[in-house]
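Q: Could you show me how to read the contacts and interfaces of a structure, beginning with what counts as a salt bridge?

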Amino acid sequence: MTLLRHTTPEIKPRKALTINPAKTCQPIGAMYAALGIRGCLPHSHGSQGCCAYHRSALTRHYKEPVMAGTSSFTEGSSVFGGQANLLQALENIFAIYEPDVVAVHTTCLSETIGDDIPQIVAKARQEGKVPDGKHVIYANTPSYVGSHVTGFANMVKGMVRGFAQKTGKKNGRVNLIPGYVEPADMAEIKHLAEALGVKSILFPDTSGVLNGPLTGQYSMFPEAGVTVDELKASGDAIGTLGLGEWASAEAARYLDSEFKVPCKILDLPIGLKATDRFVDTLRQLAGKSVPESINFERGQLVDVISDWHQYFYHKKVALAGDPDQIISLVEFLVTLDMWPVHIVTGTPGKRFEARIRELTADIPHEVNVKVEGDMFLLHQWIKQTPVDLLICNSYGKYIARDENIPLIRHGFPILDRMGHVYFPTVGYKGALRLCEKILDALLDKQDLTCPEHQVELQM
Amino acid sequence: MEQVIFTERANQIVRKDGAVDFTIACNRDSLAGAVSQRACVFCGSRVVLYPIADALHLVHGPIGCAAYTWDIRGALSSGPELHRLSFSTDLKEKDVIFGGEKKLYQALTELIARHKPSAAFVYSTCIVGIIGDDLNAVAKRVEAEQGIPVIPVASEGFKGNKREGYHAACKALSKLVGRGDVSAVSPLSVNILGDFNLAGEIWIIKDYYQRMGVEVVATLTGDGRVADIEKAHGAALNVVQCSGATQDLAVMMQETYGTPFIRASYFGIEDMSQALYDVAKFFAEKDPGIMDRAKALVRDELSMLYPKLQEYKKDLKGKKAAVYVGGAFKAFSLVKSFRHLGMDVVVVGSQTGTEEDYKELAAITDEGTIIVDDANPLELSAFIKEKDVDIFVGGVKERPIAFKLGVGFCDHNHERKEALEGFAGMLNFAREVHATVMSPVWRFTPRRSGKAASAATSCTSPERPCDCAEVK
């Protein structure tokens, strides 16, 4: 049977079309971010299909219930505007589901017809549709701009715009914006901050929301996520660390310019060097010294890399995913003496290619990079220059199967494995796990496919 | 029960009470703000047309609509798999301002040259409806230049729910039907409508018809091929499964070509057998032996199936099920199927049922059964707890809710991995139900582990016996 063997090796430039995207649209990122606020119901201001698709996609990735409201646009709303829908939606949501916060994001439809969300929300408040002590925040996330990553960034900015307050008295805490990472990653970032003795406000925080336990109860609002009070306090923090330029910089810079909370934008702490920079920056910001427990974790990671470096040596890797993730992953692969040679992100952003070129400058091999690329192009590159390993979301399995390459699932969405929800890839522990995954993938293939006389027991 | 029902929705939820005439409100737009489990027009069109494996499916819109429908349904193909790729014009801000027609033309031209599909479907999305791209004009031009059918699908999301999407898909399909040469089609022939070949189900059904001596002209749309659909009007009969998805096409074909249609369900023993008997009856004049062949087929299949079902029934007897599915027609079959396993359906609902559908559901279910239209997760969760069900049958968004409550789950929707149609499917269904209802995992979940304890500590709340453990 032909399994998706529709990829042609010849590459012709394409302008008008995307095949097998390496991104999706803004609203889902906004929905994911909003789920990281305690007691928050994300709300999709658009047709009900958008909301259904986002909820399904997030449910498939997390295997958890994902709740969100929709303005359920009809033909009428598309002509006369969605104000009436949003007003009614807010009234219904607060009356029945009783969230503390509703986080409204727009869609291509509501943006194009020109709905003014702050104005509608103000009207809802005036008309008593938003009860006292309840909150509505918003983000503009037209689907024809950016990607799921920018949608996430916009909603995180919406959080500080909607909640941050300045009392004039610093609270000694550090804002940590973890970027578009998994719940387990957010927990790991909190763990590192705690180990350093840093009081932090991490937002959004989906740990415990989208990887919660089975309790025998269904709760629309799990007892997890950043609280409204914490978000309010972000304006009094001593500093902000935004992890990942694409997903976190907007909010970090907003706090800097509006609330004079100084910010630093770092790469996502994936891999040895990026985690070093994170730990060091956080340490300096909070005036702490690195505890032995963190040194120990780091030492274990370096130990593993030394034990296994011959197996990493010059292995070629293809990657597709989100810019913040890919930048740090590429840096880590280079640290491991591997060669990332084909790199695609679907998310726009000029700095991406320059960063990748910088990180791969010393690789004695041609490196293909495409911003606003897709997985079809990635597959074509692989056909032209084969690789030893593919790192990408679940859609990479087609390429992996066609080309007989081991696949490590990383990014969004992962629809066919469970680990991403529970085990981090950030921090030293995350890097250790990445090493394990890389070695398992490479060595499992070697064990299964090498000539019999070369099967090694001891590696 | 706690307050989880919008007052506006009260008449969309009915508890069956034999003393009262059954009425239910349905087929209306979801309330703004409700966490509805429903989708949009585009979604409806996409699920219907997507399984046509040798066609190009180009989504004209921003990337999301294409990304979320990229190979998410296991609609299997026995040949080409072009349908499993994701093609999008990936509209940007500039296109929204200046229009996307040029981009669409380029994309179609390029894709047809590279992949040489047998036809192309171009799906409209919300934004296309607003900016007013003339899909018909572009399609007409490309069709003339490339010499394959290029068919626009009017699937702007905001125009309604999935139902309108089904209709748009049927209209698109009707443009393919009638183009082919039907001179070689047998007088004993059918089209299979409304089956998407999830987990290879259509192959099971096709095999039954062929064993009865009936030619299957086109499968719509599971394992579908453009050339087959083009000669679908040559079939003597349309057999339409599922209440919503493709019935409109059957109606159109009846009007245009005089092709009669019958409705069928391939789920469960009675409905599967009935479908074969109905087809046999239809052809009985042309082929007097056909009913005997149908009966022999059913007998053979049942004699294999029945003893195996009894094994499962031993464990499942007396267990309770909740069913929430897309179309109500499937719910009928499920109610009957669960009876064969000795189980009762105590909650039943659908996203798109009609009043007629719900009346029929009320007729075949027991007293006290909750019947619901367009439910939201809170309602579903409350019903599951109230009725203390052992298994929930639903789709992707319901699965984790069931599991959080410590209740088994069977995906009878897009994501089923086992064929559930036909006699073989009934056995698979029994196995799936058994696997989840009897799973040891529920012994470790708070609600169920507390159940034994609550019995021991003399539960005093007969209305909500399942909640005792939670209160502790």
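A: A salt bridge is a side-chain nitrogen of Lys or Arg within 4 Å of a carboxyl oxygen of Asp or Glu. Here Lys92(B) forms one with Glu372(A), where the closest N and O atoms are 2.9 Å apart. This is a predicted model, in which local features need pLDDT of at least 70 and side-chain atom pairs count only at pLDDT 80 or more, while totals for chains, interfaces and linings use all residues. Side-chain values use heavy atoms, with hydrogens and water left out, residues are numbered from 1 along each chain as its sequence is written, and chains are lettered from A and ligands numbered from 1 in the order in which they are written.

Q: How many salt bridges does the rule find across the interface of chain B and chain A, and how many residue pairs are in polar contact there?

A: The rule finds 3 salt bridges between chain B and chain A. A polar contact is a pair of N or O atoms within 3.5 Å; within protein, one must be able to donate a hydrogen and the other to accept it, and residues adjacent in sequence count only if both atoms are side-chain atoms. By that rule, 19 residue pairs, both at pLDDT 80 or more, are in polar contact between chain B and chain A. On the side of chain B that touches chain A, the largest share, 7 residues, comes from helix H4 (residues 101–115) of chain B, helices (H or I, at least four residues) and strands (E, at least two) being DSSP runs numbered from the N terminus.

Q: What area do chain B and chain A bury between them?

A: The size of an interface is often given as the accessible area lost when the parts come together. Buried area is that loss, taken with a 1.4 Å probe and summed over both parts. For chain B and chain A the value is about 6400 Å², with 62% of it on carbon and sulfur atoms. Tyr68(B), Trp70(B) and Lys404(B) supply 14% of the area that chain B buries against chain A, more than any other three residues. Counted by contact (heavy atoms within 4.5 Å), 78 residues of chain B meet 72 residues of chain A.

Q: Is His233(B) buried or exposed?

A: Buried means under 20% relative accessible area, exposed over 50%, and partly exposed in between, using a 1.4 Å probe and protein chains only. His233(B) is buried because its relative accessible area is 17%. His233(B) lies in the loop between helix H9 (226–230) and strand S8 (237–241) of chain B, and a polar atom of its side chain is 3.3 Å from the backbone oxygen of Glu230(B).

Q: Why does His314(A) count as partly exposed?

A: His314(A) falls in that class because its relative accessible area is 27%. Leaving aside neighbours within four places in sequence, His314(A) is in contact with Asp337(A), Met338(A), Trp339(A) and Asp388(A).

Definitions and conventions:
Buried area is the accessible area (1.4 Å probe) that two parts lose on being put together, summed over both.
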